[in-house]
Amino acid sequence: MHGVGDSKDVNEVFKSAETLFASHAEKLRFTGLNTVYTVPTYLPALAGGLGAYYAGGRIY
């Protein structure tokens, strides 16, 4: 992670990414479009079932 801030800010950014990709997965789906998302490497560890929300059920 780049930027300036304290550990509280870092935790908020981690939680925000987890919320976006896990809790709001339906908002990242676009009918008629193929989309590639780059997720932070720590995200599958925080949200273990994350792959179930996306095509193929896997995150690479």
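Reply: Buried means under 20% relative accessible area, exposed means over 50%, and partly exposed lies in between, as found with a 1.4 Å probe and protein chains only. This is a predicted model, in which local features need pLDDT of at least 70 and side-chain atom pairs count only at pLDDT 80 or more, while totals for chains, interfaces and linings use all residues. Residues are numbered from 1 along each chain as its sequence is written, and side-chain values use heavy atoms, with hydrogens and water left out.

Side chains of opposite charge can pair when their charged atoms come close. A salt bridge here is a side-chain nitrogen of Lys or Arg within 4 Å of a carboxyl oxygen of Asp or Glu, and by this rule the count comes to one salt bridge. The partners are E18 and K15, whose closest N and O atoms are 3.9 Å apart. Both residues belong to helix α1, which covers residues 7-23, and they sit three residues apart, about one turn of the helix; helices are DSSP runs (H or I, at least four residues), numbered from the N terminus.

The two partners can also be described by their accessibility. E18 has a relative accessible area of 18% and is therefore buried, whereas K15, at 48% relative accessibility, counts as partly exposed.

Technical notes: Helices (H or I, at least four residues) and strands (E, at least two) are DSSP runs, numbered from the N terminus.
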